[in-house]
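This report describes selected features of the structure shown below.

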There are 2 protein chains.
Amino acid sequence: MKLGHPYFAPLRLLASAVSMLAVLLAGCATPSTLRGTGDLGVVIERASGTVQVVTQQPPRLLARVEGLGDLSHASVVFSRDARYAFVFGRDGGLSKVDLLTGRLAGRVLQAGNSIGGAISSDGRIVVAQNYEPGGVRLFDAETLAPLADISTRDPVSGLASKVVGLADLPGNRFAFSLFEAGEIWVADATDPRHPVVTRYAGVGRNPYDGLASSDGRYYLAGLYGEDGLALLDTWHPETGVRRILDGYGHGEEKLPVYKMPHLRGWAMAGEYAFLPAIGRHEVLVADSRTWQERTRVPVYGQPVFAMAEPSGRRVWVNFAFPHNDTVQVIDVPTMQVVRTLKPGRGILHMEFTGRGDAVWLSSRDDDRLVVVDTRTLEMSTVLPARNPSGIFFTWRAARMGM
Amino acid sequence: MKLGHPYFAPLRLLASAVSMLAVLLAGCATPSTLRGTGDLGVVIERASGTVQVVTQQPPRLLARVEGLGDLSHASVVFSRDARYAFVFGRDGGLSKVDLLTGRLAGRVLQAGNSIGGAISSDGRIVVAQNYEPGGVRLFDAETLAPLADISTRDPVSGLASKVVGLADLPGNRFAFSLFEAGEIWVADATDPRHPVVTRYAGVGRNPYDGLASSDGRYYLAGLYGEDGLALLDTWHPETGVRRILDGYGHGEEKLPVYKMPHLRGWAMAGEYAFLPAIGRHEVLVADSRTWQERTRVPVYGQPVFAMAEPSGRRVWVNFAFPHNDTVQVIDVPTMQVVRTLKPGRGILHMEFTGRGDAVWLSSRDDDRLVVVDTRTLEMSTVLPARNPSGIFFTWRAARMGM
């Protein structure tokens, strides 16, 4: 009996209805995808060009997203609804990851060599800072369509400065530093297609990284070429950029420097700023009002990140090779190291939960993530990961200077 | 021809397949419910016992949830995943609202008369403070099952103090004040079924409200019965509770007080703390390290809330009757009022977006919400609401002292 026979048309209809059913159900959001996004995070897996989407409680892998290119030194910012992660790759790729579906929502190759980005205070503009060809590019956070370019090319030399230390400021402004030119620029993106730039020249030789304070008032740049730091008080731009902490920096440093500290790691908590010393086995403690040095805390190796718990009560420090298997915990009231942990080999990054009940550590060389309970200082969970580096939680979506 | 005829079975199968399809699709989450929760909020509609679920960008009503009882003086905290809002009603009702489905996920009547609550730093414990029968109650954030009660009943007098100023501290601790007893208690809920309480007695007469600093270090209680404030530095509990700002408070006040200020409104931003004066047409400015008074800013009426933008750059003030149709904006560097707004009648509350691009105002007597652009200080959106009071955005899920 052939199905071609007319009265089997209903059977074919039934078959197509059932297959349509399957398709629709496959595309339909299951209860597991209907979730809050306040407790999620992204983990960079640099070797495989993938990112993990994770939940913080319980600590768990939700999805692995592939095809993000070269993720060495990658960084992440989040959409204001905490649904999307914008991943800035070293190869100039800007990828938009949907944390709810675990899929790539968009990707553009926006430069040849890039080192991070930021998102505007209203969440509408994503900005990338570039090494090659230099400069800064603005994109629509919704579509990733290009909005504007800010060139750092010197009209005389024809050379375009590498851009470092890009940070968002209130009012859709961005601050960043020009490595070759030795300048700090503040761009006002009120009109995102025509950003207005204010230049601060002669801030010091070779700024190599920068950060904004958590209220977006201060912008600081570290100087590779000399001692001290360049400070801009955006509440008083008329006073320009001044030099602080002359005792700090690389200029006079005779020790070999295995890895430059990450300024984003600086803990500007309460009345203190904790700075990983360059080359020295010390964490510097400065007064966050006067920027005078208050004390120095001896530590196990050359610090890379010095990060305060959200409470500011303790500061966690990781180290450059050959001490990168170790994390130390500084008690702030006593300024003493109170715990030395060996969470794994190649500890590259640390990320606290929003209210600090736990901290996640990435152990690149043991291919794992280690979750530490900040109350007991014990490891509570270990998760597998492929050469993990940066860890970024969605609480960043509502914070400045991230 | 009757459909009972055997070879029409496929038709009936088709019909049932199609109806099954409809049922399954109806039950399946639509794209509109698959959303990030980082940009949502809850608005209390006190008269109708309802809450609005809103999006911040664009400003829009998502859902209205009913059946929450008496919502006068209601307050809200959020689950750590920012999916659920815990609403504390004046009638002792504790309601759990699902922001994604717009439905009540749970509700318990936990006391006779209540005035707010908090959530633990790990997000697992929801705590309510009660007027009647006094004391504090702990609940499982997942199920709302009761975990423990902390009684404030005096063994001698047999009277149970009203509890005010409940605030979460790091490490699953909570601080709160006892109105009749004049004490501050800190409860450690590491074991949520057996919280351990530390008592600080004799802190002053009739503490009427309290707050924790945003890092959870300091706890302050306002005193109805005398001048000054009670301060506990939780980093140095051995020093006990001390009195600060003796010039502040109700004790010596001869002016009529139309409405006691809300301490939760205090702006502890950067190096300053902005305090609405009691009775006086002033905002007091104190040093956030020394707690010495720095200056006073004259304002339009008796301030109720003084709230800083996330940048700390400006402080917004609303007022008690008869000046509650007005909001003033203080520029922090100059300590001057730079704008006076008339957003509507009966301005009860203000809430900033996480990075401060906008502030929402509730106009109870004009039945509307007014969104103001903090860059232009112009009203950008007006939304209808039924006698709105408190506005709470989900960025609170990742902050302390909320």
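In chain A of this predicted model, the strands S12, S13, S14 and S15 form an open sheet in the order S12-S13-S14-S15, and their pairing is antiparallel. The edges of this sheet are strand S12 (163-169) and strand S15 (196-200) of chain A, each of which pairs on one side only. From one strand to the next, the twist averages 20 degrees. Within the sheet, strand S13 (residues 173-178) and strand S14 (residues 183-188) of chain A are paired in the antiparallel sense over 6 bridges. One residue pair illustrates this kind of contact: Phe176(A) has Trp185(A) in S14(A) as its bridge partner.

Chain B contains an open sheet of 4 strands, in the order S8-S9-S10-S11, with antiparallel pairing. Its edge strands are strand S8 (113-119) and strand S11 (146-150) of chain B, and each pairs on one side only. The twist in this sheet averages 20 degrees from one strand to the next. S8(B) and strand S9 (residues 125-132) of chain B run antiparallel and are joined by 5 bridges. Opposite Ala118(B) stands Val127(B), a residue of S9(B).

**Chain A as a whole**

The secondary structure of chain A consists of 1 helix and 32 strands. Of the 402 residues in this chain, 60% are buried. Sequence separation can also be considered: among contacts in chain A between residues at least 6 apart in sequence, 41% join residues at least 24 apart. The accessible surface of chain A is about 15,200 Å², and carbon and sulfur atoms account for 53% of this area.

**Salt bridges**

How many salt bridges does the structure hold over all chains? The total is 49.

| Salt bridge | N to O distance |
|---|---|
| Asp149(A) and Arg137(A) | 2.9 Å |
| Arg83(B) and Asp98(B) | 2.8 Å |
| Arg124(B) and Asp122(B) | 3.7 Å |

In chain A, the closest N and O atoms of the salt bridge between Asp149(A) and Arg137(A) are 2.9 Å apart. Because Asp149(A) lies in strand S11 (residues 146-150) and Arg137(A) in strand S10 (residues 136-140) of chain A, this pair ties together parts that are 12 residues apart in sequence. Asp149(A) has a relative accessible area of 54% and is therefore exposed, as the cut-off for this class is over 50%. Arg137(A), with a relative accessible area of 21%, is partly exposed.

In chain B, the side chains of Arg83(B) and Asp98(B) meet in a salt bridge. Arg83(B) lies in the loop between strand S4 (75-78) and strand S5 (84-88) of chain B, whereas Asp98(B) belongs to strand S6 (residues 93-98), so the pair ties together parts that are 15 residues apart in sequence. Are these two residues buried or exposed? Both Arg83(B) and Asp98(B) are buried.

The salt bridge between Arg124(B) and Asp122(B) is also found in chain B. Arg124(B) is partly exposed, at 48% relative accessibility. Asp122(B) has a relative accessible area of 10% and is therefore buried, since this class covers values under 20%.

Salt bridges may also share partners: in this way Glu271(A), Asp287(A), Arg294(A) and Arg289(B) are joined into one network.

Note on methods. Residues are numbered from 1 along each chain as its sequence is written. Chains are lettered from A and ligands numbered from 1 in the order in which they are written. This is a predicted model: local features need pLDDT of at least 70, side-chain atom pairs count only at pLDDT 80 or more; totals for chains, interfaces and linings use all residues. Side-chain values use heavy atoms; hydrogens and water are left out. Two strands pair if DSSP finds at least two bridges between them. Helices (H or I, at least four residues) and strands (E, at least two) are DSSP runs, numbered from the N terminus. Axes are lines fitted to C-alpha atoms, for helices over the stretch in contact, and angles run from 0 to 180 degrees between N-to-C directions. Buried means under 20% relative accessible area, exposed over 50%, partly exposed in between (1.4 Å probe, protein chains only). Contact means heavy atoms within 4.5 Å. Accessible areas come from the Shrake-Rupley method with a 1.4 Å probe; for residues, only the protein chains shown count as cover. A salt bridge is a side-chain nitrogen of Lys or Arg within 4 Å of a carboxyl oxygen of Asp or Glu.
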